[in-house]
Structure formats: C-alpha cells, structure tokens
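This report describes a sheet, the strands that build it, a pair of packed helices and a few individual residues. The sequence and structure come first, and the text follows them.

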Amino acid sequence: MKDLMMMISSILFGIVFSFLVIIFVVFVSSKFTRRNSNIFLPKISVVIPAYNEEKNIEKCLKSIFSSNYPKNNIEVIVVDDGSKDNTLKILKKYKRVKVLRQKHLGKVEALNRGVLNTSNKFIVTIDADTIVDKNCIMELVRPFSDRRIGATTGNNNVMNKSSILGMFQNVEYHFSNLIRNSFSTTFNSGAWISGSLACYRKKALKKAGYFKKDTLAEDIDVALEIKKRGYTTITVPKAIGYTIVPVKLRDLYKQRVRWWIGTLQAIFKNRVLFSLKSSPSILFLYITHFWWSFFAFLSLPFIAYQMYYWLPYNTQNIFSTVNYFFRWFSLMGPIYVLYKIPDFGISTYTIFGVLSGVMTSVLTFAGLRMFKDKITLKNILAIFFYFPYTIILNIIIIISLLRHRFWEKSFYIK
C-alpha cells in the first residue's frame, strides 16, 4: 500500500513538474520574441459597468482621462446597473461621460447595453474598481492595426495588497500574468481575456453575439467565441491596470467559484476549438483547467499522506516537529533538500523538488519585475509561504465543483 501511494504521488508530482517546465520554457522563449505594433490611435469607446461603485468610480474615470491616449478620441460610457449608493451623484460631475441607467440586471446586461450604444469601432471595457496606467489604453489598442486581432487584454496588478490575502493574491496575479503574456508573446495568440481590462473590435464582438449569460465567465466565453470566428486574441504585456481584490476569505471563495466554474463552462461550451491543431495557448488553457480540477481532489489526501509518511522521522523533539511542518509549508523545503543532498544523496525526486522550487521562484520574481512591482518584504514573505495559499485555492476548486454538480442553480442567482 505504501509503495502504491508513493508511486501515485510521484506520478502526480511528475505531471505538475512537467507543467512547470512547459511554463518555464515558454517564458524563456518569450524573452527572445519581439513583436512590434504600429502606432494606432483610432477613436475608441470605453464602457464601464457600475453597480454601487461610489468608492471606486471616480478613481477609475480620473485614470482614463489622465491616460496618454488622445482625449478627443475617447468616448466614455458608464452603465449604472441600478446603483443604490452615490455612484450616480459622482458621475454627474463628469460632463464628458455618457451615463446610461438601468435596473439591476447584472454585469452582462450592463456591458451589452454600453456596447450597443457606442459610436466607435473599438471598445475598451474596464471594471469600475480598476484604474489604468497612463499607457494602458494606448497599448491595448495598438495591436488592432492588424485586422486579424479581434480582442486584446491587459494585466491587472493588485491595488489593496496590504492584507494577508492581498499579499498572496498579488503574487498569484503576477504569476498568472506572466504565464498569459509568455504564451501570447511566444505563439502570437492568447486564450485568456480579462473583461476588467480588455479591448474588442466591435465587428468581432458583434459576430460573437456580444456578451452572454449562459456561463459565469462572460469574458473568457466571448474571447473563445471571437476565436471561433477566425480572429486572434492576445495579451499585451505593457497594458497594466490596478484592481481591488477580496480581503476576506468568504469573498475570495465567491470570486474563485465564479471564475473556475465559469471558465470550465466556457471551454466546454467552445470545445470545438480544442484539437491537436489548436494554438498552444488554447491547448494549455483547456488541459490545465481540466487537469487542476482533477488534481484538486487528489492533492489534499496525497499531501496529507506524504506528511504522515515522513513525520515519524521528524518527531525527536518539539523543535524538529515544528521545523518539519515549517519546511513543508514554505520554500525552506527545497532549500533543506538541497542542503541535505550529501546525506540523502541525489535522486530523481530530489532533483525535481529542487528544480521546482528554483523555477517557481525565478518565474515569480520575474513576474514582479515585469509588472512594475517591487521586491518588498511582504512580497518575499508571500512567495516564501505561498504553498498554503495554493492549498486554499485547491479546496475552493473542490467545493466549487461539488457545489456546481449538486446545487447548480445556486450559481445563477443574481
């Protein structure tokens, strides 16, 4: 039984290690790939759906009007989705903003109403709790000089990263952004679109049937729909925004349930895109999402088994036991394995374990640098103790899949 469990653990770890190697190779390849777009400054429409955003809407608008994009080429439309706070009162101060009002019908309805009232061929969508870097809009629009481009997306950094959850999400966002940009740059095709910071060719959006409510991730869904119509979607490395993330575990849970189930719904709905002829970005999106859904259920019992298996060798005293768990839940684990090579010897497991720690650290620090963050003490601590956060995310995935399977209707309550 022990041999079987260890063998299965090794197989699971080998698969995870393979994914990490792929990401690392694609990241390195992206550093040697350069794609220059022509200066392209057409008239654009910025659509902002807003519901009870009195704390954020003004910062969002100020960042848009302070951007380097020509002011005369920007039309700004805010769709108020039945706000009950002072959002409308704040919007009245901005004479250049076209405000559309509706009952509380949800984000998808707000987006579609805004899009249908635009007067330009290119539409930028920005969430009301997001602010944009000065060059963000310009960078999002620039690739559309190529008529094959149907949609672009930028990279959100975390604004409120002072809390414990904010610290970990900040690192997570950088890591995810690095993956998306590396695949998009290397293969000139992306599969991920973040609706909070995106630009669409209106013609492509119309062909895709606009935003739909039949998944919980309308942004991923519409990106895949656009790709089905023959357009290319890409991630733009220099298009950077800043967004607010959940600071409470319950809010994080609600957000990630929506993201995970919504993405699974979108890729299953658009499964015709998945084939051996698909772009590596599409293949990676589809395979990793289904794999991590499967892995989440296996990871917890096997982690627990591994900890239990090695625990008897680390219970000489309280200090050794505490140190054992400290190594398990931090980057001290790979460092310790490297330190103990003279005693343990070199094995496949040792090599993979150390390389995993090295590659993960390199990629994470590269993400910090790529997206204009600093190597602060909080970031270092978040990276060092990142493993427990991944366990939380896996638990959320498990709950979301079980809940979706047995209580599906609860996901569609607005």
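Two strands are said to pair if DSSP finds at least two bridges between them, and the helices (H or I, at least four residues) and strands (E, at least two) are themselves DSSP runs, numbered from the N terminus. The model is predicted, with local features needing pLDDT of at least 70 and side-chain atom pairs counting only at pLDDT 80 or more, while totals for chains, interfaces and linings use all residues. Residues are numbered from 1 along each chain as its sequence is written, and side-chain values use heavy atoms, with hydrogens and water left out.

**The sheet**

Eight strands form an open sheet in the order β3-β2-β1-β4-β7-β6-β8-β5, and their pairing is mixed. Its edge strands are β3 (97-102) and β5 (130-132), each of which pairs on one side only. Neighbouring strands of this sheet are turned against each other by 30 degrees on average, direction ignored; here axes are lines fitted to C-alpha atoms, for helices over the stretch in contact, and angles run from 0 to 180 degrees between N-to-C directions. The table lists pairings within the sheet.

| Strands | Sense | Bridges |
|---|---|---|
| β1 (residues 44-50) and β4 | parallel | four |
| β4 and β7 (residues 197-201) | antiparallel | five |
| β2 (residues 74-81) and β3 | parallel | six |

Individual bridge partners can be named for these pairs: Ile-44 has Phe-122 in β4 as its partner, Ile-126 has Leu-197 in β7, and Val-79 has Leu-100 in β3.

Strand β4 (residues 122-126) is largely enclosed by the rest of the structure, because five of its five residues are buried, where buried means under 20% relative accessible area, exposed means over 50% and partly exposed lies in between (1.4 Å probe, protein chains only). Phe-122, Val-124 and Ile-126 point one way from β4, whereas Ile-123 and Thr-125 point the other way, and all are buried.

**Helices α8 and α9**

Two packed helices are described by the angle between their axes and the distance between the axes. For helix α8 (residues 218-228) and helix α9 (residues 249-269), the angle is about 20 degrees and the axes are 8 Å apart. That makes α8 roughly parallel to α9, given that angles under 35 degrees count as roughly parallel, over 145 as roughly antiparallel, 65 to 115 as roughly perpendicular and the rest as oblique. On the side of α8, Ile-220, Asp-221, Leu-224 and Glu-225 meet Thr-263, Ala-266, Ile-267 and Lys-269 of α9, contact meaning heavy atoms within 4.5 Å. The residues of this contact divide into four nonpolar, one polar and three charged; Ala, Val, Leu, Ile, Met, Phe, Trp, Tyr, Cys and Pro count as nonpolar, Asp, Glu, Lys and Arg as charged, and the others, Gly among them, as polar.

**Individual residues**

Thr-232 is placed in strand β8 (residues 232-243). Leaving aside neighbours within four places in sequence, the contacts of Thr-232 include Arg-148, Asn-188 and Ser-189.

Asn-188 itself lies in the loop between α6 (164-187) and β7, and has a phi near 50 degrees, a positive value in a residue other than glycine. With 30% relative accessibility, Asn-188 counts as partly exposed. Tyr-210, in the loop between α7 (202-207) and α8, also has a positive phi, about 60 degrees, although it is not a glycine; at 18% relative accessibility, Tyr-210 counts as buried.
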